[in-house]
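Thanks for coming. Please have a look at it before I start.

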Amino acid sequence: MLELRALTRRYGSRLALDGVSFAVPRGRIVGLLGANGAGKSTLLRTAAGLQPPDSGQVLVDGHDVWKAPLAAKQALGYAAEEPSFHEELSAHEYLAFVAAVRGLEPAAASARTLRLAHALELAPRLDEPVRGYSHGMRKKLSFMAAVLHEPRVLLCDEALEGFDAPSAVAAKAELRRLSRAGSGILFSSHVTETVERLCDSVIVLHEGRVAREMTRTDWGAGSETTSPLERAFLELIGSAPAPEAP
Amino acid sequence: MPSATASSVPAFHALRARLLARRAESMGARLWVVTLAIAACVAAFTYWQVRVPLDGALRHQGTRGATTRLVVQLAVGVLAAGVIAGSRQVTLAADPPGPEWLALPVEPVSVERHLRSESRLPALTVLVPMAAAWVAGIGLLPPLTLLAIAAGSALAWDLSTRVACALALRAPGVTHAPSRRLPASWRALVSARRPARAARVAAPRFRAGSRWRALARLDRAVSFRAGSPRARLVFTALALVASVAAWFVGIDPREQRAQAFAGFSLACAMLGAWAAWRAAGDPPSAVRPLPLSLADSWRARAIPMFVLLGVTLALHATVPAVPWFARLGLALSWTLPALLVPLFGLHLGLSLPGKPLAAENLYYGWLGAGLIASLAIPLFGWALLLAGFALATRRIGRWKTPEVA
């Protein structure tokens, strides 16, 4: 379970996160929606231990990410929005490193790597250095590294952007499988249709605060151009679309 | 429709002016003071180093000999400026800063001029020691000669940096036939930022073991692939071999020992640079979410370095044909640089996570200052290095709270 308690983060005078608190329970996929600059990436990076908060706590399976980082990160997976890698290494080598650091059983980790690579159609390029990878392939690699150890808490920051259609389907299936196995997943995306189909509930972040937590029953009906969740989200942040022509 | 050439020239002028202004602003008052202080130190050191021998040359070889000496020294500066500008141009051509230039309606020559001016900026640093060397000639050489040298040097600096940039932009081979017909800057831009499909490498073996060993294996794989970490390790290996080989060259034991120590110190310095680069250079989004501790990160770099330097130190203590107590003294006295310099680099790197370039610049800057201090006052450089090591060690805790946003 992921728990955020009164998380605050400033960039100079700008308040990016303002006392954000919520929880992602086991076995649930929670969507994170917000306009550009709402603080989604800051929230996920802070939760993943990439940058410290000014105040507040991030608990992963009961372990504070900043006070007990090893225990927390052992349970955590993070698929980055702009993933960076050791460019000289092949994807396979990088994943072998991740598996070793996470203490995974070598044979099982190797088999899972190959299974994921086939599902995400990365297998033919697995032994090429990452520097030759396209944006989509980098995102796939970041996703694979995040789910390799079947984490108890998974953070996805625009994780499926840049995926081709078959890989996106495979990745969503993997997320569903992880969720059924008990992982708590926080899934941030701009694509409301994906969030609507994939997530069990949604947290709307607006100007660094949790504007609302919604479940499937909350977002009602949509229209021809906006999905039900999209309409609810736009209304919430005060950008409701103009009425559609009959 | 306006002409692209007519409109893009002032636009590029304005862009350059704004870039310079923003960079000057972003440095902040403190960094400006530090930069000016460093420039003053470099200038004073160069003045002192040039003035005394120039005076000697004037007394023994006359005005002509002294003039030749000063011109040669300034020519070295001009050459260095060309190398700096050219190498910067290569870097910028591979990853040009700014927007997708090819998508904009601008003349190739404007982009080339812009890239050139960006590449020549770092070469301005050479003007500090060059100016100091020229000032050292005041009072020794005739004023007219000095004026001619100043004008010639400025012209040569301009020419050398321009030529170096032009050559650097035209050097990369382009295999795509239609691209070969494009202007040089266009050619560079079409091949820039495009990841070439790289050759396959052997599939790795998934292994169990401690986390620091996994990180050390990753370091080894990264460092032995092409690129700057490999260059540093190759240079380290060469310096270590040269330091051991020094015992077999020459007859005078003191000379042998000095040469061996010089090679060993150089190897330690390069190893420290490698450690700084690797410790600071782990990509944050790939490594930070993993369960790695500061101790893992430290061990993964320190243990392989100690093993390598320990083996070399043992070789140095066994190879020379000197009494055992002399060997023991040698091993003990060389342990300080073997420990201090690489650990200084490692601690700097760990204290600046995600900023390998800053870590490396600070490391080299500190070592350079130590070297100059030792030349000025014997052994003072070691005091400076110890202070740097203490500072880097005190800041090592920053590894735990990275600022990688």
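Let me start with the six-stranded sheet. In chain A, six strands make an open sheet in the order 6-7-8-3-9-10, with mixed pairing. Before going on, the conventions. This is a predicted model, in which local features need pLDDT of at least 70 and side-chain atom pairs count only at pLDDT 80 or more, while totals for chains, interfaces and linings use all residues. Residues are numbered from 1 along each chain as its sequence is written, and chains are lettered from A and ligands numbered from 1 in the order in which they are written.

Helices (H or I, at least four residues) and strands (E, at least two) are DSSP runs, numbered from the N terminus. Two strands pair if DSSP finds at least two bridges between them.

Angles in general are taken between N-to-C directions and run from 0 to 180 degrees, with axes fitted as lines to C-alpha atoms, for helices over the stretch in contact.

Strand 3 (residues 29–33) and strand 9 (residues 201–206) of chain A run parallel and are joined by four bridges. Within strand 9 of chain A, A:Val202 is the bridge partner of A:Gly31. Helix 1 of chain A packs on this sheet and touches strand 3, strand 7 (153–157), strand 8 and strand 9 of chain A, at about 145° to the direction of strand 7 of chain A. Contact here means that the C-beta atoms of two residues, placed from the backbone, lie within 7 Å. Helix 6 (residues 165–180) of chain A also packs on the sheet, touching strand 3, strand 7 and strand 8 of chain A, and its direction makes about 145° with that of strand 8 of chain A.

Next, the four-stranded sheet. Its order is 2-1-4-5 in chain A, open, with antiparallel pairing. Strand 2 (14–24) and strand 5 (63–64) of chain A are the edge strands, each pairing on one side only. Helix 1 (residues 40–47) of chain A packs on this sheet too, touching strand 1 (2–11), strand 2 and strand 4 of chain A; the angle to strand 1 of chain A is about 120°.

Strand 1 and strand 4 of chain A pair antiparallel over five bridges, and A:Glu3 has A:Leu59 in strand 4 of chain A as its bridge partner. A:Leu59 stands opposite A:Asp64, and A:Val60 is bridged to A:His63. Strand 4 and strand 5 of chain A form a hairpin with two residues between them, and A:Asp61 in the turn has a positive phi of about 55°.

How many residues of helix 1 of chain A are buried? Eight of its eight, where buried means 20 or more other C-beta atoms within 10 Å of the residue's own, exposed means 12 or fewer, partly exposed is in between, and C-beta atoms are placed from the backbone. Those residues include A:Lys40 and A:Arg45. After helix 1 of chain A comes A:Gly49, with a positive phi near 85°. A:Gln51 is in the loop between helix 1 and strand 4 of chain A, and counts as partly exposed because it has 18 C-beta neighbours inside 10 Å.

Now the interface. In total, 38 residues of chain A are in contact with 34 residues of chain B. The largest share of the chain A side, eight residues, comes from helix 3 of chain A. That side divides into 20 nonpolar, nine polar and nine charged residues; Ala, Val, Leu, Ile, Met, Phe, Trp, Tyr, Cys and Pro count as nonpolar, Asp, Glu, Lys and Arg as charged, and the others, Gly among them, as polar.

Chain B has 14 helices and zero strands. Of its 405 residues, 33% count as buried. Its C-alpha trace spans about 80 × 70 × 45 Å along the principal axes.

Last, confidence: pLDDT is the predictor's confidence in each residue, from 0 to 100. Chain A has a mean of 88, with 94% of its residues at 70 or more.
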